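Hi,

Here is the structure I promised to pass on. Have a look, and my notes follow below.

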Amino acid sequence: MLTIIVPLKNCALELERFVTHLNDRALLNLPNIQFLFKYSQSTDNTKEILDRLRNENSVLICEKEDSSIFDGMNQAIKSCDSEYICFLGVDDRVIDKDALLAIHKQLSDQQCDLVAAPIVT
């Protein structure tokens, strides 16, 4: 299993765009891939947007207070039991589902500790 951790705080607008991107690219409910949204102390409507995702099979939500983005990332790592972890910012985008599937396949088939991919801007 590959878990993609997305840290969130006061980013409702970007989260809305990110969710639209996930749906447009058919990235939710891919085999062996899940998204873990790490949510903390937002004062905008980030939580309401996350609540709409709760019924997706491939979505986990970790709601814990944290002292920094790094503390939140560490909490997210501790809360998932995946063999592989990837971090995405809520303003990042994945080109297509084949990219995620290829990363998971490379990790699994080659028993890699790390897979790196170029960033497209």
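Axes here are lines fitted to C-alpha atoms, for helices over the stretch in contact, with angles from 0 to 180 degrees between N-to-C directions. Helices are DSSP runs of H or I with at least four residues, strands are runs of E with at least two, and both are numbered from the N terminus.

This is a predicted model, where local features need pLDDT of at least 70, side-chain atom pairs need 80 or more, and totals for chains, interfaces and linings use all residues. Residues count from 1 along each chain as written, and side-chain values use heavy atoms, without hydrogens or water.

On to the helices: the axes of α1 (residues 12–24) and α2 (residues 46–53) come within 9 Å and cross at roughly 20 degrees. So α1 is roughly parallel to α2 (angles under 35 degrees). A12, L15, E16 and V19 of α1 make the contact (heavy atoms within 4.5 Å) with T46, I49, L50, R52 and L53 of α2.

Then there's β4 (84–87) and α4 (97–110): each supplies at least two residues of the largest pocket's lining.

Cheers

Conventions: Angles under 35 degrees count as roughly parallel, over 145 as roughly antiparallel, 65 to 115 as roughly perpendicular and the rest as oblique.
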